[in-house]
Amino acid sequence: EVMRARTLTLPEGYDPKAAEILFGYLKGFNVLLEHIEDFKLLEDILGLCDFYMITSPLEAILKHMQKMSVSMDNLVQVFEVGKRLSSIELYKAVAKQLQSNCRKVAKANLISSLLIIKFITDHETNINTVIEILDRC
């Protein structure tokens, strides 16, 4: 009798890379997680952990997220990730820190009307998030 591998079905909208990294981590390849600099990818990994009730990597992922830097290049993405994570009790502290870091970066960099206009035009596809960032600063 031939054994077949089970196929993992990802919830809709998740990056398949998230599953690769999560299951690599579970197999002992912790270094994969340590080199991720994409907040959305880490959010997807957290979502998969939640979906499949996997708890072992949560602490490492959350610590890694807290160490990552927020810049003008990833400000909108980080703000959105923080906002989504804030709806999950377990992730509220990290979400609060991410949003605080976003406010600090925005306040330090959006110091003139020209910079604000550039920020708005650079992120016009996420205009609601941009408006929310500007309101909180």
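**Exercise 1.** Find which residues methionine 65 touches, not counting residues up to four places away in sequence.

*Solution.* Take contact as heavy atoms within 4.5 Å. Methionine 65 then touches Phe39, Leu42, Glu43, Leu46, Val81, Leu85, Val94 and Leu98. The model is predicted: local features need pLDDT of at least 70, side-chain atom pairs count only at pLDDT 80 or more, and totals for chains, interfaces and linings use all residues. Residues are numbered from 1 along each chain as its sequence is written, and side-chain values use heavy atoms, with hydrogens and water left out.

**Exercise 2.** State how many residues the largest nonpolar core has, and which elements give two or more residues to it.

*Solution.* A nonpolar core is a set of buried Ala, Val, Leu, Ile, Met, Phe, Trp, Tyr and Cys residues joined through side-chain atoms within 4.5 Å. Buried means under 20% relative accessible area, exposed over 50%, partly exposed in between (1.4 Å probe, protein chains only). The largest core has 38 residues; Ile45 and Met65 have the most contacts inside it. Helices are DSSP runs (H or I, at least four residues), numbered from the N terminus. Those giving two or more residues are helix 1 (16-26), helix 3 (39-52), helix 4 (58-67), helix 5 (75-85), helix 6 (92-109) and helix 8 (127-136). Helix 3 gives the largest share, seven residues.

**Exercise 3.** Classify threonine 129 as buried, partly exposed or exposed.

*Solution.* Threonine 129 lies in helix 8. Its relative accessibility is 12%, so threonine 129 counts as buried. Leaving aside neighbours within four places in sequence, threonine 129 is in contact with Val76, Phe79 and Glu80.
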